[in-house]
Amino acid sequence: MLTFLLCSSYVKSQNTNFEKILRGHSATVLCLDIDTSGTYLCSGSYDTDFILWDYKSGDSLKKYSGHSAAIRKIKVAPNNKYIACASVDSNINAHGSSMNCVSLLDLESLKLLKSFSIEPDRYKTLGFIPELDGTRSNEVSKLSFNSSGTKLAVITKRGDLFIWDLTNEYARREYWLGTTNHKLINISPDWRYLVCSERKRRLADSCFYLMSLDKSEIVASFDSPGKTVTGVFFSNDLKTVVSIGGNRIKRNEIYIWDSETTELKYTLIGHHNVIRSIDFCSNDKYFASVGEDNLINLWNAITGKLIATFTENNN
């Protein structure tokens with residue numbers, strides 16, 4: 001949704017200069033999301049605060065300060081009822097080992113509804129994969145709601161998946177993929193597929209595949225020999241798959257795939273450094289990419305053409 005509003009603004013004005021500067025955080029902003037109606041902008045920061053903004057006016061509406069460490073991920077539910085915030089902290093409201101806490105808030109009031117914890121020490125106990133054994137916490141890498149906003153999924157950097165049912169006393173399902181040969185990368189928007197790569201001791205994999213969530217069967221494989229895979233993203237209609245990769249150091253290339261044929265359609269180069277994230281607009285005509293080169297590139301998802309580049313001052 002952030003990309004959709006960015007695309008709409010550009011298409012209407014053809015202007016890549018920023019319109020507003022929102023000030024309210026005292027440290028680096030790490031994550032943003034916008035509700036599906038385009039009413040609210042949400043931000044999380046190193047200052048441990050979550051701020052709810054009026055998207056149109058840019059006014060700060062409310063602030064949540066319930067975390068003791070940086071808020072690294074946020075996600076608004078499609079029904080605009082909830083927002084989830086992830087942080088590596090010790091929230092006393094979380095049950096059990098709470099070094100990795102996800103807070104579920106009411107979107108409009110920012111009232112804390114529930115805190116969930118992600119166990120950080122499972123692999124140290126199991127000792128299953130030596131390179132993952134240690135004291136580094138099992139940090140959250142992705143938050144996702146199902147289409148109705150009634151379930152929340154959390155993917156960790158170690159490749160585990162946790163799903164909470166928000167309508168059934170917050171019942172939790174666990175998928176401990178970190179103890180298998182499957183390295184979890186993402187979950188499809190319809191929650192039918194898990195995106196995985198094979199867990200190997202080498203630093204990078206050139207292949208990723210879709211595995212059914214219910215049956216754990218591989219349904220499609222995508223292979224780009226000699227190129228790493230560090231992120232995989234879907235269009236809203238699931239017809240297009242976009243992956244991030246490149247050489248082992250830069251990882252600054254984008255690959256557009258046909259999800260039905262698994263054919264590689266385009267290889268896009270428009271960043272000078274590591275690409276961190278990609279998001280599609282709601283009509284799937286465009287997607288945006290953001291990298292460590294401080295560039296946001298807007299792409300045509302159908303032709304692969306670079307449409308515009310957004311920077312801080314566009315000089």
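I take two strands as paired if DSSP finds at least two bridges between them. Strands are DSSP runs of E with at least two residues, numbered from the N terminus.

The model is predicted, with local features needing pLDDT of at least 70 and side-chain atom pairs counting only at pLDDT 80 or more, while totals for chains, interfaces and linings use all residues. Residues are numbered from 1 along each chain as its sequence is written, and side-chain values use heavy atoms, with hydrogens and water left out.

I looked up the strand order and found an open sheet of four strands, 1-2-3-4, with antiparallel pairing. Strand 1 (29-34) and strand 4 (60-64) are the edges, each pairing on one side only. From one strand to the next the twist averages 20° (axes are lines fitted to C-alpha atoms, and angles run from 0 to 180 degrees between N-to-C directions).

Inside this sheet I checked strand 2 (residues 40-45) against strand 3 (residues 50-54): they run antiparallel and are joined by five bridges. Leu41 has Trp53 of strand 3 opposite.

Strand 7 (residues 100-106) runs antiparallel to strand 8, with six bridges between them. I noted Lys114 in strand 8 as the bridge partner of Leu104.

I located Lys157 in the loop between strand 10 (151-156) and strand 11 (161-165). Lys157 counts as partly exposed because its relative accessibility is 47%, where buried means under 20% relative accessible area, exposed over 50%, and partly exposed in between (1.4 Å probe, protein chains only). I also looked up Asn138, which is 19 residues from Lys157 in sequence and 6.2 Å away in space, C-alpha to C-alpha.
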